[in-house]
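User: Please examine the structure shown below and answer several questions about it.

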Amino acid sequence: MLTQQMQKQKQLLLSWAAIQFSLLLLLQQAFAGWVIAIFALLLLYRLLSVFKAKAGISLKLVNLLAGIIAITFFLQLRQAGVLHFMLQILLLAATARLLALQHLYEARQLVWVHYFLIACCFILHQDMLIALFILLVFAVNLYSHYRLFSPSVSRLNWLQTGRGILIILPLWLAIFLLFPRLPPFWQIPNVNIASTGLNDTLDPGSIEQLVQDDSLAFRVEFDGALPPRQQLYWRARLYEDFDGRRWQVNALRQNASRQRAADTAADSSLSYRIIAEASQQTGLFALATPVTSSSNVFISPSGLLSSNKPVSQRLSYQVSSSLTPVVLVSEQEQQLNLRVPPGNPQTQQFAYQLKQQYPQSHELVQALAEHFSRQPFYYSLTPPRLGSNSIDAFLFDSHTGFCSHYASASAVILRHAGIAARVVGGYQGGNWHPQQGYLAVRQREAHAWVEYLHNGVWQPFDPTAAVAPERILDSLDSALPEDQRALLDPGWRQLVLLQNLRQQLMHLDYYWSVWVLGFNDNRQRELWRTLYRYLPAMAYSAAVLFSIIIVVLLYLRLTQSGTDNTPQATKQLHRYLGKALAAKPLSLSVSAFLLQCAKRYPAHNAYLKQLTALYEQALYKEDTEALNQLKQLLKCHKAELGRLRRAIKNT
Amino acid sequence: MLTQLHNVEQSLNQVILGKSSQIRLALCCLLAEGHLLLEDLPGMGKTTLAHALANSLGLSYRRVQFTSDLLPGDLVGMSIYDARSQQFRFQAGPVFSQVLLADEINRASPKTQSALLEAMEEKQVSVDGETRALPTPFFVIATQNPLFHAGTSALPESQLDRFMFRLSLGFPDHQAEHQLLQRDSSTSRLELLTEQLNTEQLRALQQQVPKVAASDALIDYLLALVNSSRHRSDMLPLSPRASKAILRAAKAFALINQRDYVTAADVQQVFPYVAEHRLAPSSDAQESRLSQLLLLQTPCPI
């Protein structure tokens, strides 16, 4: 028995240490590295002490440690933010408690704090797999809670547990679907994590690096059919400043991104929903000229989308686009895109020649495209390094480059020829999943192309399409030579089984984000509206169901009272003594129990003896007179009975 | 009359020291008109108890020492030819007495055992085609040595069932044995016992037993207790005869405790002694493991 108790204690301590380790992992964003190390060390110490069956650290030492750590947390409050501070303090409290755990009520507190911390994990993580992990941690905590109160011999009854889960499931779903979505009580802090995706700077080679990343950038659901691949140019950034080597987003645009475009009367021919992955950037994605969007997203005059704060959680928004090119906003914009840095004399020469040959801008662009496709230009993921006159070196020497090289060179040529042009960064194409009905756009689809001003609109021009049309029509893999594909796909990724698994996981994740994360106020309102439409029908069926349940309950009650032959006297006692009678050992008779109580609580001795005598008379002799007296005795001494109940409950 | 019964109990307590609960149970068995089986090691005071009971109740008392060659005729008696009157005359055996002490009953052959058992159940014996009634009250106190002793043949379940109670006296405690050794001899004390309760009074008391009230709820509890033995493989089920015996014993117990109604506690008190030898015939009377188990496992809602 004693060893069993010890075993149970050990199990509980282990499970709590495991929960705190997991919490530490899940909440690591909220902690500085050295704090994580200290916590981990403390937990390890606790684990060791469990295995060696030593007592925990003394309370004094724990208090001292916790005090010091709490003070450092407080000093860094400004840096960490209130939310993180709260999480830090809570986890600190839980760990300190675990280190010096002594009493049952402390363990109870610990379990409840764990519940709270586990719920807090959802502030920082919404990923499906992590959600599963959090659920697992929750289950462990729940089990430890159960073990805490269960007698040490009892085992978990799986059948009963399963039944319990089945019963709670509809309630759970109903709460998820119908509970009002309150706005968050606190500001979720911006996390200092490296942003992913396209940057505000387009270095030579930055896109080459990006395409080797297989992770998801965003997903798109189209309201209608999937548009042809040639139209799937997802605009994300406009690079307008060129310093001879790298392209940058103009400072004006960085600040102006929050302006809303004036509502144009352009038709919105294409409507779609985008679920963007967390990128820690404000920039978002749209096709051609976005016209309308859901309220959480801004459309800038130059047709770019952005959110009002960095995307730190998956973000879903609805856009409708017109498939016409973006309109010139101002004269200033044109001037901005005619600036050329010095250098690259050969390119300059080449541009002048073209300009003389083709005075019309679209003819010139056409000619440029033909130049790229006729001359021996190569599309490569590993272009050679270029010198100081990078455009010259690329155009007339190496002839080998990636999309950013072609876009950059084209834009410079066009600018030299007096045509306003800029480089657009974004994504091209995507992976269409017909069964799930969504387009997955990965970082691998990152792309750069050119827009030039023609008749007051920014005409898109993709020089890559001239060099490697497969890139546009099919995918990057098919556009690259055999030996470079290996760069995109490390060996392990090529395993069919793994690939399938990854695909399936991605699809699951998609449904998760659409149905669970995407279930926002709007959808809930829609659901309520649908429910409202069926209100009469539902009310009827609910009424019918309700009455059936009531009839069944009544029936059960009636049939039970038929077999329920608890004598009146016992019923009376149960009514007045209630739970105190539950303390009676199962096999002990009621009157024997009352006499035991009389012995144990001398204050109630006389009363209990009187009660027992009357009870025996009423029960065993079936004496109605005694029964009435018993009722009187119970009714007139409610205060004494109350005291007795408390006395029994407390022992 | 209950006061006289109390006196009987007190005087018995002076003869057999430190065994008041067993004495009360033995009296209870007598009031319930049941037979008593005492199982114990030799020399524990079984015979003394039987003798003292008979003496203090003013009953005629016979003792039969059972051996393996004891014949039924030795017990019930036989017809002997009387040369003078030239006819057979029935010579009554020791069974024709009010208290019969059947000592070491499990040493006799099964045939003899069953002759006694017929007498116990029917309160009559049939000899030479003639049925003869036994005197009333008729009370058999049988003793038996624990079964593992040499030369014993166990009573079959059906015959054990005829005994309402099985008791074991057990060793006396230190104080009681000390007192026992200090005084001269118990037999002299036995002779000092006077009749405290005459036969009519005993009859009257026995007739009061069925009138003791047993409520529906109590009978339900008793049945729950009995039923709990009926679907188990580790014990024999209790028969309706057993449940009748339990109720009757509980009633007698209530009467001795000067109540006119049976409580659940009464049932719980007598249950081990009435039930254990029916649940497990070969068990040791000292520990009533199975019946205690049933008592523990059956909820008592009243």
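User: In chain B, what percentage of the contacts with a separation of 6 or more comes from residues 24 or more positions apart?

Analyst: This is a predicted model, in which local features need pLDDT of at least 70 and side-chain atom pairs count only at pLDDT 80 or more, while totals for chains, interfaces and linings use all residues. Residues are numbered from 1 along each chain as its sequence is written, chains are lettered from A and ligands numbered from 1 in the order in which they are written, and side-chain values use heavy atoms, with hydrogens and water left out. With contact defined as heavy atoms within 4.5 Å, the share for chain B is 75%.

User: How many residues of chain B are in contact with chain A?

Analyst: The interface involves 16 residues on the side of chain A. Their partners in chain B number 23.

User: Which residue of chain B forms a salt bridge with A:K621?

Analyst: A salt bridge requires a side-chain nitrogen of Lys or Arg within 4 Å of a carboxyl oxygen of Asp or Glu. By this rule, one is found across the interface of chain A and chain B. The closest N and O atoms are 3.1 Å apart, and the partner of A:K621 is B:D260.

User: What percentage of the residues of chain B count as buried?

Analyst: Buried means under 20% relative accessible area, calculated with a 1.4 Å probe on protein chains only. Chain B has 302 residues, and the buried share is 52%.

Technical notes: Buried < 20%, exposed > 50% of the residue type's maximum accessible area, 1.4 Å probe, protein only.
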